[in-house]
Amino acid sequence: MVGKRKLRLVGVLVAFGVAAAAAYAALPPTNVDPSTVPTGNLAGGTPVNVLSVDSFTRAINQAQGTNSVLQHLTFAPGQSTGWHTHPGPNIVLVVGGGFTLTDEHCNVTTYADGEGFATGTDAHLAVAGPNGANFYSLFFLPKNADVLRENADPPVCASK
């Protein structure tokens with residue numbers, strides 16, 4: 001029962017994140033023409049583990065408040081984030097090109113234009129595809145967070 005409630009909460013949060021990214025994309029242009037930004041859906045195969053669900057719950061239900069940050073970024077072909085974590089959950093919506101995402105268990109998933117994924121506070125690595133990556137990243141952060149990301153050591157499975 002608790003698991004279903006958490007999954008429902010994540011579903012609502014993911015829908016909120018996608019809606020927020022779409023709303024941001026519809027704002028008057030600063031450096032991107034909103035009409036050129038396709039809408040997208042989170043990929044059906046996006047893994048959502050309990051730690052990710054818990055990070056959303058912690059970020060949203062904080063007595064001291066929650067901050068959210070929306071970034072629009074572009075990566076060159078093959079550009080890597082390096083192994084890293086976030087102080088709170090992060091929803092990524094790819095609007096051009098693509099990413100290969102490797103999680104803390106060395107599971108690799110590829111996301112293309114119009115797809116997205118959610119990461120929690122576990123270590124992960126993203127590498128832009130052969131056409132680079134154009135994406136929006138929505139962070140839910142504890143109010144006292146002073147960074148969006150922190151470098152992390154690769155998991156043991158990445159050393160093999």
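Which residue in β6 is the bridge partner of V94? In this predicted model, for which local features need pLDDT of at least 70, side-chain atom pairs count only at pLDDT 80 or more, and totals for chains, interfaces and linings use all residues, the bridge partner of V94 in β6 is F135. Residues are numbered from 1 along each chain as its sequence is written, and side-chain values use heavy atoms, with hydrogens and water left out.

The chain has two helices and seven strands, where helices (H or I, at least four residues) and strands (E, at least two) are DSSP runs numbered from the N terminus. Read from the N terminus on, these elements follow the order α-α-β-β-β-β-β-β-β. Of the 160 residues of the chain, 41% count as buried, a term that stands for under 20% relative accessible area, with exposed meaning over 50% and partly exposed the range in between, for a 1.4 Å probe and protein chains only. The accessible surface comes to about 8500 Å², and 57% of that surface belongs to carbon and sulfur atoms; such areas come from the Shrake-Rupley method with a 1.4 Å probe, and for residues only the protein chains shown count as cover. Among the contacts (heavy atoms within 4.5 Å) with a separation of 6 or more, residues 24 or more positions apart account for 82%.

Two strands are said to pair if DSSP finds at least two bridges between them. Strand β1 (residues 66–75) runs antiparallel to β6 and is joined to β6 by ten bridges, and within β6 the residue that stands opposite H72 is Y136. The pairing of β3 with β6 is also in the antiparallel sense and extends over eleven bridges.

The side chains can be followed next. A nonpolar core is a set of buried Ala, Val, Leu, Ile, Met, Phe, Trp, Tyr and Cys residues joined through side-chain atoms within 4.5 Å, and the largest one here has eleven residues in all, namely F75, V92, V94, F99, L101, Y111, F117, A126, A128, A133 and F135. The elements that contribute two or more residues to this core are β3 and β6. For A128, when neighbours within four places in sequence are left aside, the residues in contact are F75, A76, P77, G78, Q79, G98, F99 and A133.

F99 is buried at a relative accessible area of 3%, and F117 is buried with a relative accessible area of 3%. The rings of F99 and F135 have centres 4.8 Å apart and planes at 70°, so this pair is edge-to-face. Here too distant parts of the chain are linked, with F99 in strand β3 and F135 in strand β6, 36 residues apart. Ring pairs link F75, F99, Y111, F117 and F135 into a cluster.

The structure also holds one disulfide, defined as a pair of cysteine sulfur atoms within 2.5 Å. The disulfide is formed by C106 and C157, whose sulfur atoms are 2.1 Å apart. This pair links distant parts of the chain, C106 being in the loop between β3 (90–102) and β4 (108–112) and C157 in the segment after β7 (150–151), 51 residues apart. The link of C106 and C157 is right-handed, with 90° about the S-S bond. C106 is partly exposed, with a relative accessible area of 25%, and C157 is partly exposed, with a relative accessible area of 26%.

Two further residues complete the tour. S159, in the segment after β7, counts as exposed at 60% relative accessibility, and its C-alpha atom is separated by 9.9 Å from that of C106, 53 residues apart along the chain. G114 lies in the loop between β4 and β5 and is buried, with a relative accessible area of 18%; G114 and G96 are 7.4 Å apart in space, C-alpha to C-alpha, and 18 residues apart in sequence.

Terms used. Phe/Tyr/Trp six-rings, centres within 6.5 Å; stacked < 30°, edge-to-face > 60°.
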